[in-house]
Amino acid sequence: MGSLCLQKLSAVEHLFALESFELPEVPCSLSFHRHPEYKSITREANEWAFKCTRRDLSPEEKKSLLQWKVPMVTCLSTAHAPKENMVASAKFAWAIAFLDDPIDGNEVASTSYLDTVLSLCNGTASLTEVPDIVAYRACHDLMKDLRSLLKPELFKRTVSTVEGWARSISSDDLKQDYKLYRRNNIFILPLFYTLIGASFEHEDVESPDFVSAQNAMLDHIWMVNDIFSFRKEFYQKKLNNLPAVLLLTDPSVKTFQEAVNATCRMIQEKEEEFIYYHDILAANASRDGKEFLKFLDVLSCAIPANLAFHYASSRYHGMDNPLLAGGTFHGTWILDPKRTIIVSDPNRSNAAASNKLNHIQDLSKLI
């Protein structure tokens, strides 16, 4: 135990002194489907988000929020959902953003904050009874829309997912597994429920194969987030990300670069795991399971859509960053408090990953 402690003391010192690391290519063999009305969906969802702030936003403030590209995951997850569902899903993405990254400085993890969010989701509180906070207004308006749009069982499942998120981030259990903790606090599933707007048979969504596919998708999403949000959290003095956890807890990981490489390998493994269970579910789906198959397709699109979003959003890379106008990137990530800086090696070949990344290369043409 003593030698392990000394080894990890060195790891902490290494992390504190970190100035750069190599971001590997993150290939993806799955494809997303852009909705044909993505421009109007994005515009309506963004205007709703601006309205939720109840402020006369300056052009610069609006520009900053627009560069978050929050509706992007919704717009790339299906080409066939009704526009009403798409807009509601994009609003849900904004609600997640307001809860996860408050623009009004409120402390998300406080018990009173979370209790109020859950009361608004369950309809046991009204806006007149709670403080005037952006996330509260977003939750209240969104849940009003979802109650009329979703079938009761699906709305109940949506609220249950939000409750699971609230429990996970308010938990004081310091011994819980980090991977399970992150899977529970990624409450993105209702975004996809809303796209389809249908209820499924319990045996479909509770089967071991579906749970395994869903968990692989969720793990892929949070692992990608942990890589791309590292810079922002590093300068906020937060270590709530997988590379830092691996460096500080895994005896086989000696450097931060090894932790990043291990995380990227795990991302690839999760994609392969999802595809394995997705194919089993698709092959075994009953003829009456058309809605379930649609939902599987949405989950399949969610993986590349989320990856594309993390390359393109200023939430992770800083406002007006030239990287946001391009596609994917890799190379030496120079840590900077204001923006992502990538120095690519011009002699390094892209050929190995080009076939897997061609569908998300030029994100500037998508959103």
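This is a predicted model: local features need pLDDT of at least 70, side-chain atom pairs count only at pLDDT 80 or more; totals for chains, interfaces and linings use all residues.
Residues are numbered from 1 along each chain as its sequence is written, and side-chain values use heavy atoms, with hydrogens and water left out.

The protein chain contains 18 helices and three strands, taken as DSSP runs numbered from the N terminus (helices, H or I, at least four residues; strands, E, at least two). Of its 367 residues, 53% are buried; buried denotes under 20% relative accessible area, exposed over 50%, and partly exposed the range in between (1.4 Å probe, protein chains only). The accessible surface of the chain amounts to about 17,100 Å², and carbon and sulfur atoms account for 51% of this area (Shrake-Rupley method, 1.4 Å probe; for residues, only the protein chains shown count as cover). When contacts (heavy atoms within 4.5 Å) between residues at least 6 apart in sequence are considered, 75% join residues at least 24 apart.

The second largest pocket holds about 380 Å³ of space. It is lined by 20 residues, of which Thr-161, Leu-189, Tyr-193, Gln-214 and Leu-218 are the closest to its centre. A pocket is here an open set of points on a 1 Å grid over the protein atoms alone, where a 1.4 Å probe fits, with protein on both sides within 12 Å along at least five of seven lines; lining residues have an atom within 4 Å of a point. Grid points are joined across faces, edges and corners, and the volume is the space filled by probe spheres set on the points. Helices α8 (152-170), α9 (178-184), α10 (189-196) and α12 (208-228) each contribute at least two lining residues, and α8 provides the largest share, with six. At least three lining residues come from each of domain 1 (1-29 + 197-366) and domain 2 (37-78 + 82-181), the bounds being those of an automatic or database domain assignment. By class, the lining comprises 11 nonpolar, six polar and three charged residues (nonpolar: Ala, Val, Leu, Ile, Met, Phe, Trp, Tyr, Cys and Pro; charged: Asp, Glu, Lys and Arg; polar: the others, Gly among them).

Beyond residues up to four places away in sequence, Thr-116 touches Val-130 and Tyr-136. Apart from neighbours within four places in sequence, Ser-300 contacts Leu-30, Phe-274 and His-278.
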